[in-house]
Amino acid sequence: MQQTIIGDSEMNEVEAENESATDLNEDRHADNAGKRSSVVDDAERASALSCIASLLRCYRDKWRTADAAERGKQLSRLGALLHRYEDKLQAVDNPDAADTAGNADVVDAETEPQAESPMPTEQSQPTTQERLTAAVQVLKRIGRGIRTVWGKRPKLSYALYAVVFIVITAAAVLFLQWSVYNSIEYADDAQADNSTRILGTMAGQLTKFVSQMWLENQWQFLLNFLVVGLMYLVVVTFLNRFWVATAIFGTVMVVFSIANRFKYLLRNEPIIPADLSFISSGNTGEIVSFIPEDGADLVNTAIVGLTYFVVICLALQLLDRRNGLIPCHWRPSRFLRVTNIIAVLARIAAFVATASLLVSFTWNLNVPNSWAQQWARELGDSPQPWNAMADAQSNGTAISFLRLVNAKTMDKPEGYSEKAMKDLAERYTDSANAINATRTANFTDSTVVMILSESFADPTRIPGVAFSIDPIPNIRAIKNATTSGLMLSPGYGGGTANIEYQALTGLSMANFDDSMLTMYQQLVPSQDAPYAFNQIWNNRYGDTGSVAYHPYYQNMYLRDHNYDRFGFSHLYTLDSNPAIEHQDHIDDAPYVSDAASYANVLDAINSQDHPQFIQLVTMQNHSGYGDYYATNEFKEADLSPLDDNERWQIENYTKGLSLTDQATAEFLNTLNTIDKPVTVIFYGDHLPSIYTTANADMDNTLALHETDYFIWSNQASASANAKMSGEHTAFSSSNYCMSLAAEHMNAVVSPYLALLTELQREIPSISRVGSAAASWGEGDTTYLDAKGTIIDSDTLSEHANQLLADYQLVQYDMTAGNRYLYQTKFFDVEQSEHVPLARDQVPQTYEATQNYDPYADMWYQEYWY
């Protein structure tokens, strides 16, 4: 009966406070009904009906506060029901009148005629039906009890929400800062007082980050707190469930902070927005493989802590009767009410406002004189785009991350226009014609193998590192016999993709905006058919003109997508289809050996009947450097005066280099037996981040950014035994790889390669180099002359400045401009009209006037004489 009353009245949220009273009356009514099944007690019936009448009066009073349309309708219903039950109550008080009252509209179950049943004897047992009925009654009572308790759940106050919001936001900011700090260890005899030592601890650095607000008027903590809090509000207003949003936000912050911590420890840099493309490309499994061995405990602790945190948040969500932060309903029966529509609009407005504010701040943070930048500066933000780690440590991890979201490719150079680019193309077409007048070979008559050797750099050049045996005797001999030198790398401890990008495209990081830290993730994925040198072979031989090998996973740095955009026919990796064939490891080493990588290249050369461009990115010497090899002669040969941990890593790394040295010599010897012209471009991408002592000295900046390279041709090539003058090759950078290869091979060039050829003569090395502590991709534009000395840009000649200006125009047009050069023949390589030279016929220009290599005999002089 009461279910009918409740259904007719259709209680909404404003009636929720009366649910408890309703449940109590339902229980009392049910109990009375059970008693009247055997004995009819008029007094009890009267009491029950009196309670019902009181409840209906309560409902009537409650509905008086409703809107006019509903109030009249509901009060009419309640009034009729009230009169009906009052008449029933009078009938109970006057039995005689009840007998003549006639047939009532609603008949109680207690007054219905009951079928007579024989009274059970004392020995009779309850039937199965009676047991089921009793069990159902028990379950109903339990259900009513649960409902009663559920209805009494508290509505947690907004004040509690505010307290939790502040605590979670502050904890998130501090956890993000923890991920980029490291305890500073002082020697026992260091001149550092106790306060300095305390501030150098993790707790001290975090305390300083907060306390500098009132000690130094530096408000970076508040800035990060407001920004992180805004992120938190976006999640809360979107879900409209405070505790669920808290669980999600807290989990994301912890996971991000731990990942950030690992990247900092491995590569001395924080996570940047471009790194998130790993996740969107389904590359999470490979990222996990880079978790350091000593990071397992931290991961396990975080998982346990997050489990407790999420469970507590979900429990609070269940216990909190305030289901929505802004109460609103989406059911059609309730949605169209005026109060609900207002609540829904308020919820939507709250989400739109917070999300728009966050997007606007993020987008404008890097825009000069924007409101976001000015506001951040007022709160102490001092950007350090050349050093993402220092930026995160001083200005806050959240601000540092958001600063890179809207990464700019490069500024528009002065004078950029369609006419200017067409005039430029014509000028360098003339330059190419002048160069090609003495060139007799074609690129596409030879196979060119470009080898990026992971972390390859002679360790004996690093101050403080010494061995009694030469780690790379074969490559040292190769460098002495062919075109070779040192390559200025923008990275230290990482940045493989950046050096690789420069070598494949001829473009330089030095010309990009400082916020452009990794082109494979921030630039190439958004480009339409970007240019790369492998396309020279594609234009002649079609889809089979170029192929790439990388003995790791294809999605790392989005190589699978980027190589496809560059026009490679296939990228063979561990997880490609088909997979890379040779995958051998040496002893317990975690990566594919260089010998196996070279075997894949040899298969590619032998499988094609025409020349091709082959790209190889090795993995053998990738960090970390554990004790993987069964024998390591460099442990006994190490003469370095370094601490045990640094020596241990250097010794293991050097053993890997020695194996690369042997495999490379064998690979080149095998190429000499192949009756096909092959030229190899070999270069190291960056140094490993294991030289802690040298890295602490700012004077070692260049030494930690110089790798080895050489260009070599086999005996089937016309350029076999060629060696360009060391005056032009002693120092270079990876953007010049193909122009140097063309000169080594005496091959004709395109207008684009003509520009690079002329620029390399004026400025042999161009790179973005930071301090010794800077991470890869960061730093200032650095120019080196032929002797490896830094060039002051103010001292450049007029011709050099013109070449740089043209280079910047070309790079802007290729990456951020209107691609005017693609409408010209700027990238086309014309076929040589000269008769190709016979084998071993080296042109006079290849003969070096002197055996110039400033590092050729350094190792022997230092350790043997």
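Pro 578 is placed in the loop that runs between strand S4 (571–572) and helix H26 (594–607). In this predicted model, the peptide bond leading from Asn 577 to Pro 578 is cis, and its omega is near 0°.

Asp 587 has a relative accessible area of 47%, so the residue is classed as partly exposed. Asn 721 is not a glycine either, and its phi is positive at about 70°. Asn 721 is found in the loop between strand S7 (706–713) and helix H30 (726–729). Is Asn 721 buried or exposed? Its relative accessibility is 58%, and therefore Asn 721 counts as exposed. The backbone features described so far are gathered in the table.

| Site | Backbone feature | Location |
|---|---|---|
| Asn 577 to Pro 578 | cis, omega near 0° | Pro 578: loop between S4 and H26 |
| Asn 721 | phi about 70° | loop between S7 and H30 |

Two further residues may be considered individually. Ser 508 occupies the loop between helix H22 (496–505) and helix H23 (519–522). Because its relative accessibility is 0%, Ser 508 counts as buried, the limit for that class being under 20%. Which residues are in contact with Ser 508, leaving aside its neighbours within four places in sequence? They are Gln 502, Asn 735, Ile 766, Tyr 807 and Gln 811.

Phe 238, by contrast, is exposed, with a relative accessible area of 53%. This residue is part of helix H10 (residues 220–239). Once residues up to four places away in sequence are set aside, Phe 238 touches Arg 347 and Phe 351. From Phe 238 to Ile 348 the separation in sequence is 110 residues, while their C-alpha atoms are 8.1 Å apart in space.

Attention now turns to the way helices meet. Helix H31 (residues 737–745) and helix H32 (residues 751–762) have axes that come within 9 Å of each other and cross at roughly 90°. H31 is therefore roughly perpendicular to H32, a description that covers angles of 65 to 115 degrees. On the side of H31, the contact is made by Met 738, Ser 739, Leu 740 and Glu 743. H32 contributes Leu 753, Leu 756, Thr 757, Gln 760 and Arg 761. By class, the residues where H31 and H32 touch are four nonpolar, three polar and two charged.

A second pair consists of helix H20 (residues 418–436) and helix H33 (residues 798–815), whose axes come within 11 Å and cross at roughly 120°. At this angle H20 is oblique to H33. The crossing of H20 past H33 is left-handed. From H20, Met 421, Leu 424, Arg 427 and Tyr 428 take part in the contact. Their counterparts in H33 are Gln 802, Leu 803, Asp 806, Leu 809, Val 810 and Asp 813. The residues of this contact comprise six nonpolar, one polar and three charged.

The chain as a whole may be described last. Its secondary structure amounts to 34 helices and ten strands. Of its 865 residues, 52% are buried. Among contacts in the chain with a separation of 6 or more, 76% are between residues 24 or more positions apart.

How confident is the prediction, and what is the average pLDDT of the chain? The average is 82, and 78% of the residues score at least 70. Over residues 772–776 the pLDDT is below 50, although this stretch has 25 contacts in the model beyond near neighbours in sequence. The pLDDT is also below 50 over residues 837–865, a stretch with 65 such contacts in the model. Where pLDDT is low, predicted coordinates should not be read in detail.

How values were computed:
Residues numbered from 1 in each chain as written. Predicted model: local features only at pLDDT ≥ 70, side-chain atom pairs only at ≥ 80, totals over all residues. Heavy atoms only, no water. Helix = DSSP H or I, 4+ residues; strand = E, 2+ residues; numbered from the N terminus. Buried < 20%, exposed > 50% of the residue type's maximum accessible area, 1.4 Å probe, protein only. Contact = heavy atoms within 4.5 Å. pLDDT = per-residue confidence, 0-100. Axes fitted to C-alpha atoms, helices over the stretch in contact; angles between N-to-C directions. Parallel < 35°, antiparallel > 145°, perpendicular 65-115°, else oblique. Nonpolar A, V, L, I, M, F, W, Y, C, P; charged D, E, K, R; others polar. Left-handed = near helix turned anticlockwise from the far one by under 90°.
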